[in-house]
Amino acid sequence: MSDSVFKNYIAGEWVEGNKGNVANISPADISDLIGHYAQADKAQTEAAIAAAAVGQAEWAKSGLEQRYSVLMAIGDELIARKDELGELLAREEGKTLAEGVGETYRSGQFFHYYAAEVLRQMGETADSVRPGVEIETRREPVGVVGIITPWNFPTATGAWKIAPALAFGNAVVFKPANQVPASAWALTEIIARQGLPAGTFNLVMGPGAEVGDVMINSRGINALTFTGSLETGRKVAAATAANLVKCQLEMGSKNALVVLDDADLDNAVECAVGGAYGGTGQKCTASSRLIVTEGIHDRFVAAVIERMKKLVVGHPLKAGVNIGAVADVRQMEQNLRYLEIAKNEGGTLVYGGEVLTEETEGYYMQPALFTNTTNAMTINREEAFAPIACVIKVKDYAEALATLNDTNFGLTGGICTESLKYATDFKRNAKTGCVMVNLPTAGTDYHVPFGGRKDSSFGPREQGTYAKEFYTVVKTTYIRA
């Protein structure tokens, strides 16, 4: 247990929260108090935004090698401390230690990648249609970037937004989810030691209804990037549009994995189980819909059940555990509500779904599998964010593709098949931002664009070189020699 108080970081100083502190308690062991974390109010949030404008003006003048060195140092420390910080992440979010360590390591890779991008900032030249005039284009920082992140990837989501923001010369106002402040604070503490101009980076922990509301409605923020629910994303879009603030949204999804008759059964099972239940199913890329053609359906379901029986649910820091704790009591209540919805709609619960009692008092749930579901059911329309997967039996590939695309979302979509014909057609016609062939729907690389379609995403893509579309503005210059 820890009675330590962890402060916000505003204008280069660690400051107490005007709204006091909140306790950060592990969902895997409610007796495990990780610490008390400061809560900012409206005035402190506005102060952070004002400080960011001052810091950004200085940071934008920094040399490329200075930015490169800063980002490399952050990445180096994250990777060097991956075990320590990964354990902290697992304690506060509930995912397994292996997942926490992996997320921390990947976060370091984001900073390393964007350190390299600092040195790749190239402009373009062109001839004018007018004689004697030359043209050049270059990218400049967008200014002050507001960053609002969710609780399911508390280090990685912050990293893949903060790293490009700093790389391209912007200042940051960072608001993490109030459920998981420890990982955000740890990342901030690393950044705070890099000698950035005061105000270049600010951490404002606090409730979304106050801190987040100030950020999304502020004219002092030039661009705002948000990852969270669709409902909140719509509010963010409306608020930023009113002030003509650049906006980037990553929201919900209802991803599907298609399994065709010709699929490698063992691989299809691993893709389904890993994609549906990894991270306790609390991933925006999780495959909660399993669309299976009738020829392989029964064998697939039987094999998935046998594989699920081998999954170990338990305390995330315990050796041999595959699935950790549900994020908190509210998420557990939502999970159980969706289980009842699926049953009431006619789905058949063929495995799991029980609330489990472990050695420590926390929020544990056996992953659940339903069969006899249709794509029209609520359980297959709404994002549950739970370790629940539903099998939808279809006749053939054409029906499978139509079913996959029949959703308001469109983040990831996967297919398991040995057919080049179907894989090629799927790549072209799946209406998702990311497509996986013979791979789980959950699992993306850091050097390529990430994002979805329809209600899943809005605005420029995240990650890779595509991130510059959001974090920079283009300037065109005309020159007469």
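Biologist: Let's start with one side chain: is Phe 385 buried or exposed?
Modeller: First, this is a predicted model, in which local features need pLDDT of at least 70, side-chain atom pairs count only at pLDDT 80 or more, and totals for chains, interfaces and linings use all residues. Residues are numbered from 1 along each chain as its sequence is written, and side-chain values use heavy atoms, with hydrogens and water left out. We call a residue buried under 20% relative accessible area, exposed over 50% and partly exposed in between, using a 1.4 Å probe and protein chains only. Phe 385 has a relative accessible area of 17%, so the word for it is buried.

Biologist: Okay, and what is the phi of Phe 385?
Modeller: Here's some background: most residues other than glycine have a negative phi. Phe 385 sits in the loop between strand S18 (368-371) and strand S19 (388-394). It isn't a glycine, yet its phi is positive, at about 60°.

Biologist: Which loop holds Lys 454?
Modeller: Lys 454 also has a positive phi without being glycine, near 55°. With a relative accessible area of 37%, it counts as partly exposed. Its place is the loop between S21 and strand S22 (457-458).

Biologist: Zooming out, how many helices and strands does the protein chain have?
Modeller: Both kinds are DSSP runs numbered from the N terminus: helices are H or I with at least four residues, strands are E with at least two. On that count, the protein chain has 14 helices and 23 strands.

Biologist: And what is the radius of gyration of the protein chain?
Modeller: We take it over C-alpha atoms and check it against the globule rule, 2.2 Å times the number of residues to the power 0.38. For 481 residues the rule gives 23 Å, and the chain comes close to that, so it is as compact as a globular protein of that length. The radius of gyration is 23 Å.

Biologist: What share of the residues of the protein chain count as buried?
Modeller: The C-alpha atoms fill a box of roughly 70 × 65 × 40 Å along the principal axes. Of the 481 residues inside the chain, the buried share is 56%.

Biologist: How many residues of strand S20 are buried?
Modeller: Thr 412, Gly 414 and Cys 416 point one way, while Gly 413 and Ile 415 point the other way, and all are buried. So S20 (residues 412-416) is largely enclosed by the rest of the structure, and the count is five of the five.

Biologist: Which residue of S20 is the bridge partner of Leu 257?
Modeller: Two strands pair if DSSP finds at least two bridges between them. S20 and strand S13 (residues 255-259) are parallel, with four bridges. In S20, the partner of Leu 257 is Gly 414.

Biologist: And which residue of S14 is the bridge partner of Leu 257?
Modeller: S13 and S14 pair in parallel too, over five bridges. All seven of the seven residues of S14 (residues 287-293) are buried, so this strand is largely enclosed by the rest of the structure. There, the partner of Leu 257 is Leu 290.

Biologist: Last one: which residues does His 315 touch, leaving out those up to four places away in sequence?
Modeller: His 315 lies in the loop between helix H10 (294-308) and helix H11 (329-344), and at 18% relative accessibility it counts as buried. A contact means heavy atoms within 4.5 Å. By that test, His 315 touches Ala 28, Asp 29, Val 321, Thr 360 and Tyr 364.
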